[in-house]
Amino acid sequence: MIRFFAAPIAAIALLSAMAGGALAEEFDSRDIMGGGPNFFRGGSSPIPRTTVMYNGNYAPGTIVVNTSERRLYLVLQNGQALRYGIGVGRDGFRWGGVHRITAKKEWPAWTPPSQMLARRPDLPRHMKGGIENPLGARAMYLGSTLYRIHGSNEPETIGQAVSSGCFRMTNDDVSDLYSRVSVGTTVVVLNN
């Protein structure tokens, strides 16, 4: 009789242990191709998104990029802003000005500009959108510039000066920002 119950009890113990491991990893095969519940989890920002008090004289809905802080602010009501960590342009590639978001794309394709190809001839001439694409999950294009606010599959670069002038965010953060802004949003880039 004990042997009869031993096998089910062992199976339950094994399943419980596996469930504990599954909770820790929570793998979903959809995560590989995007769209699963854990797709963005592995790319959390080393600089957490947070709501802060903000004293700038910008209308709610304005995006303010502070390159020296390596932070992006989405101005909210009541003197507050959502603050995101970003990666900025490395030395010689930082810039400032006021532009508007002129286009938004989910899983954008990437065609490196000729200036970048001149510096890095090893780059592909075009990459389809997707998980391996350096623009990440979302991109917001800034006026007639070559620059974008875009996702990144390299969360370790957030808070660093590593780009050729674009502003990088984790895929989770860029998707959050993307859902909150529209084409026409003013983007103020402070380069102090």
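## Largest pocket

Helix 3 (114–119), strand 8 and strand 9 (161–163) each supply at least two residues of the lining of the largest pocket. Helices (H or I, at least four residues) and strands (E, at least two) are DSSP runs, numbered from the N terminus. This is a predicted model: local features need pLDDT of at least 70, side-chain atom pairs count only at pLDDT 80 or more, and totals for chains, interfaces and linings use all residues. Residues are numbered from 1 along each chain as its sequence is written, and side-chain values use heavy atoms, with hydrogens and water left out.

The lining has 27 residues. Trp110, Met116, Ser163, Ser164 and Arg168 lie nearest the centre of the largest pocket. The space in this pocket is about 610 Å³. A pocket is an open set of points on a 1 Å grid over the protein atoms alone, where a 1.4 Å probe fits, with protein on both sides within 12 Å along at least five of seven lines; lining residues have an atom within 4 Å of a point. The volume is the space filled by probe spheres set on the points.

## Sheet

The protein chain has four helices and eleven strands. Nine strands form an open, mixed sheet in the order 1-4-3-2-11-6-7-8-10. Strand 1 (50–53) and strand 10 (167–170) are its edge strands, each pairing on one side only. Pairing takes at least two DSSP bridges between two strands. Neighbouring strands are turned by 30° against each other on average, direction ignored.

Strand 2 (residues 63–66) and strand 11 (residues 186–190) run parallel, joined by four bridges. Val64 has Val188 as its bridge partner in strand 11. Helix 4 (residues 171–180) lies across several strands, including strand 2, strand 3 (71–75) and strand 10. Helix 4 runs at about 105° to strand 10. Axes are lines fitted to C-alpha atoms, for helices over the stretch in contact, and angles run from 0 to 180 degrees between N-to-C directions.

## Thr185

Thr185 sits in the loop between helix 4 and strand 11. Thr185 counts as buried because its relative accessibility is 9%; buried means under 20% relative accessible area (1.4 Å probe, protein chains only). A polar atom of the Thr185 side chain lies 2.7 Å from the backbone oxygen of Ser182.

Leaving out residues up to four places away in sequence, Thr185 touches Gly61, Ile63, His99, Arg100 and Ile101. Contact means heavy atoms within 4.5 Å.

## Whole chain

Of the 192 residues, 40% count as buried. Among contacts between residues at least 6 apart in sequence, 62% join residues at least 24 apart.

Conventions:
Buried means under 20% relative accessible area, exposed over 50%, partly exposed in between (1.4 Å probe, protein chains only). A polar contact is a pair of N or O atoms within 3.5 Å; within protein, one must be able to donate a hydrogen and the other to accept it, and residues adjacent in sequence count only if both atoms are side-chain atoms.
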